[in-house]
Amino acid sequence: MAPPDTREHRALPEARGERLDAYLARAFPDLTRSRLQGLIADGHVLSDGKPAKAAQRLRGGEVLQLHVPAPVAAIPQAEALPVSVLHEDRDLVVVDKAAGMVVHPGAGHASGTLVNALLHRVKDLAGVGGELRPGIVHRLDKDTTGCLVVAKHEQALVALQKAFKTREVQKTYLALVHGVPPGEGRIETLYGRHPIHRQKFTGKVKEGKPAITLFRVREAFDGAALVEVDLLTGRTHQIRVHLAEAGHPLLCDALYGAGRKAKGAVAQAQEALGRQALHAWRLAFEHPRTHKALDLEAPLPEDFQKALTLLREASIPAGPPVKAKAPAKKTTGRKR
């Protein structure tokens, strides 16, 4: 656990007129602006010895004192839940998230989450946001499996969040979709919440944030395809929305593909899955402290493999033996 930390800094003359919280975020880049605002609100920031306010304007030359208390115990409780770890060091941990596991406690999910599991599994957490908890850098839907990186301390969290925001992280997914898309493509739209169905998102908005998805077909079957997807942005439900609005919803996606009927092997594959067919297969990024490249892969889960087998077997043509194809690239949980 990180000890309390007291820092002192003299505001630069050119900071005159700048908001205190904005200036501190640049002076102490290992702390987020929201974290600094919380410290200011709790009286842990002094300006020339007096309690400061986040919105106060600097004159330049003030002595700013910042006290970061030791992290307190997190509200979520540690739980001995199974969690598969692909990589761990003193700064971060990359897990292979299982299907059905929510990432963070919330409404309806007070326990049984990945955070609960990590509080039990990880013994050297230094604290994030003033609490002794793991720093969730990005999220996966409850029923999406695969690679997810978690920070052990605030400095790693800030650096990794910046890397995601500036698109320095490569995120590659595997998906099983209805129909067979063109060999490869780029989907680029504005993106936002659906104007009518508020639990959904859409790329068919006039105003919104940019969303970019690259895809290529790895295997084509009778009525379905295995698609490799690269996310250049990380909007909520982005892959599910973009592929569904392109006419190829994910197998078993009840929210975005409910109207798509399946038959034959596709129906059998959906029965084997029972969840949306999306797997965060590969995650590649620069380590926030060592700056070495990390390239991690999560193996396909058993239900996804079973669905693939059903689709492949149904797509083998009857007749005399044909020349075998080169084996597909294995998806193993190794660090490359």
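This is a predicted model: local features need pLDDT of at least 70, side-chain atom pairs count only at pLDDT 80 or more; totals for chains, interfaces and linings use all residues.

Helices here are DSSP runs of H or I with at least four residues, and they are numbered from the N terminus.

Helix H5 spans residues 238-245, and because 7 of its 8 residues are buried, it is largely enclosed by the rest of the structure. Those buried residues are Gln238, Ile239, Arg240, Val241, His242, Leu243 and Ala244, and they pack against strands E11, E12, E13, E14, E15 and E16.

## The open sheet

Four strands form an open sheet in the order E1-E4-E2-E3, with antiparallel pairing. Strand E1 (5-10) and strand E3 (50-51) stand at the edges with a single partner strand each, so one side of each has no neighbour in the sheet.

Strand E2 (residues 45-47) is joined to strand E4 (residues 63-68) by 3 bridges, and leucine 46 stands opposite glutamine 65 in E4. Helix H2 (residues 33-41) lies across E2 and E4, running at about 95 degrees to E4.

## Nonpolar cores

The largest nonpolar core has 28 residues, and Tyr173 and Ile239 are those with the most contacts inside it. Among the elements that give two or more residues to this core are helix H3 (114-121), strand E10 (145-151) and H5, and the core draws at least three residues from each of domain 2 (73-166) and domain 3 (167-317).

Apart from this core lies another, of 18 residues, including Val94, Val137, Ala156 and Leu157.

Notes. Residues are numbered from 1 along each chain as its sequence is written. Side-chain values use heavy atoms; hydrogens and water are left out. Buried means under 20% relative accessible area, exposed over 50%, partly exposed in between (1.4 Å probe, protein chains only). Contact means heavy atoms within 4.5 Å. Two strands pair if DSSP finds at least two bridges between them. Axes are lines fitted to C-alpha atoms, for helices over the stretch in contact, and angles run from 0 to 180 degrees between N-to-C directions. A nonpolar core is a set of buried Ala, Val, Leu, Ile, Met, Phe, Trp, Tyr and Cys residues joined through side-chain atoms within 4.5 Å. Domain bounds come from an automatic or database domain assignment.
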